[in-house]
Structure formats: C-alpha cells, structure tokens
Amino acid sequence: MSPKEIIELVVMSAVVLALVIYYSIKAVKNGWIKKLTNTIEMAIKDAEKKYPDQGSGKQKLEYVMNCVKDKCVELGIPYSLLKSLIEKIINMIIAHYNVISK
C-alpha cells in the first residue's frame with residue numbers, strides 16, 4: 001500500500017469510528033434502545049392480531065419492520081444502518097415468545 005492509501009484508510013476509519021461513537025452516545029442518552037424495543041414488542045402484538053393465520057410470518061415481519069422504520073424516522077435514527085440488527089432483535093423476541101407460548 002502506498003502512503004496515500006494508508007492515510008485515506010486511516011481517515012475513513014476515524015470517520016466511521018466517530019460516527020459509531022456519536023450514535024452510540026446519542027442512543028444511550030435519548031433512550032433509543034428502550035423505545036425501539038417497546039415499539040418492536042407492541043408491533044409484534046399488533047401483527048399477531050392483524051395476521052392470525054399460520055404461515056403469515058413474512059407479512060408479520062414486514063408489518064413490524066414498517067412500524068420500526070416509522071419510529072426510527074420519528075426519533076431521527078438511521079434505520080438503514082440498523083436494519084439487520086433490528087431484524088435480529090425481532091427474530092430473537094419471536095423465538096422467545098414461541099418457546100413461552102408452547
């Protein structure tokens with residue numbers, strides 16, 4: 001790697017690290033995590049009522065993701081960066097719910 005490429009890599013890494021730290025602090029300070037988990041839980045309950053049929057998991061997931069996306073827009077959270085993490089949280093909550101309900 002040339003010195004120019006190394007400098008570019010270091011600068012881009014520093015910018016990414018600064019953004020991660022900024023949003024992490026902002027998330028803790030504003031209680032985003034708690035608000036998002038509450039939104040996810042309520043949206044899952046609503047999705048279960050709205051789509052009671054067996055095999056409608058994709059519709060339920062889409063409904064929950066749309067609710068979370070709306071909440072992210074409302075709170076000013078970068079939804080596109082957190083989409084996969086939010087989907088994992090939803091799947092974890094559903095898995096725990098399914099274990100309890102059986």
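View 1. Helix α1 spans residues 3-30, a total of 28 residues. From first C-alpha to last, α1 reaches 40 Å, close to the 40 Å expected at 1.5 Å a residue. That expected span is 1.5 Å times one less than the number of residues. Helices are DSSP runs (H or I, at least four residues; strands are E, at least two), numbered from the N terminus. Just after α1, Gly31 takes a positive phi of about 70°. The model is predicted: local features need pLDDT of at least 70, side-chain atom pairs count only at pLDDT 80 or more, and totals for chains, interfaces and linings use all residues. Residues are numbered from 1 along each chain as its sequence is written, and side-chain values use heavy atoms, with hydrogens and water left out.

**View 2. Confidence along the chain.** The chain has a mean pLDDT of 84. Here pLDDT is the predictor's confidence in each residue, from 0 to 100. Of the residues, 98% reach 70 or more. Confidence is highest in α3, at a mean of 88. It is lowest in helix α4 (residues 79-101), at a mean of 79. Where pLDDT is low, the predicted coordinates should not be read in detail.

View 3. How many salt bridges does the structure hold? There are two. The criterion is a side-chain nitrogen of Lys or Arg within 4 Å of a carboxyl oxygen of Asp or Glu. Side chains of opposite charge can pair when their charged atoms come close. Lys60 pairs with Glu48, with the closest N and O atoms 3.3 Å apart. Lys60 lies in helix α3 (residues 57-75) and Glu48 in helix α2 (residues 32-50), so the pair ties together parts that are twelve residues apart in sequence. Lys60 is buried, at a relative accessible area of 16%. Glu48 is partly exposed, at 33%. Buried means under 20% relative accessible area, exposed over 50%, and partly exposed in between (1.4 Å probe, protein chains only).

**View 4. The salt bridge between Lys71 and Glu74.** Lys71 forms a salt bridge with Glu74. The closest N and O atoms are 3.4 Å apart. Both residues lie in helix α3, three residues apart, about one turn of the helix. Glu74 is exposed, at 57% relative accessibility.

**View 5. The aromatic pair.** The structure holds one aromatic pair. The rings of Tyr51 and Tyr63 have their centres 6.4 Å apart and their planes at 75°, so the pair is edge-to-face. Tyr51 sits in the loop between α2 and α3, Tyr63 in helix α3, and the pair links these distant parts of the chain, twelve residues apart. Rings of Phe, Tyr and Trp (its six-membered ring) pair if their centres lie within 6.5 Å; planes under 30 degrees apart count as stacked, over 60 as edge-to-face and the rest as tilted. Tyr51 is partly exposed, with a relative accessible area of 24%. Tyr63 is also partly exposed, at 21% relative accessibility.

View 6. A disulfide requires a pair of cysteine sulfur atoms within 2.5 Å. For Cys67, the nearest cysteine sulfur is that of Cys72, 11 Å away. That distance is too far for a bond. Cys67 is partly exposed, with a relative accessible area of 23%. Cys72 is buried, at 0% relative accessibility.

View 7. Thr39 is found in helix α2. Is Thr39 buried or exposed? At 17% relative accessibility, Thr39 counts as buried. Leaving out residues up to four places away in sequence, Thr39 touches Cys67, Val68 and Lys71. Contact means heavy atoms within 4.5 Å.

**View 8. The surroundings of Trp32.** Trp32 lies in helix α2. Trp32 is buried, at 5% relative accessibility. Which residues does Trp32 contact, leaving aside neighbours within four places in sequence? They are Tyr23, Lys26, Ala27, Leu75, Gly76 and Ile77. Trp32 and Gly76 are 44 residues apart in sequence, and their C-alpha atoms are 9.7 Å apart in space.

**View 9. His96 and Lys26.** His96 is found in helix α4. His96 is partly exposed, with a relative accessible area of 49%. His96 and Lys26 are 70 residues apart along the chain, and their C-alpha atoms are separated by 29 Å.
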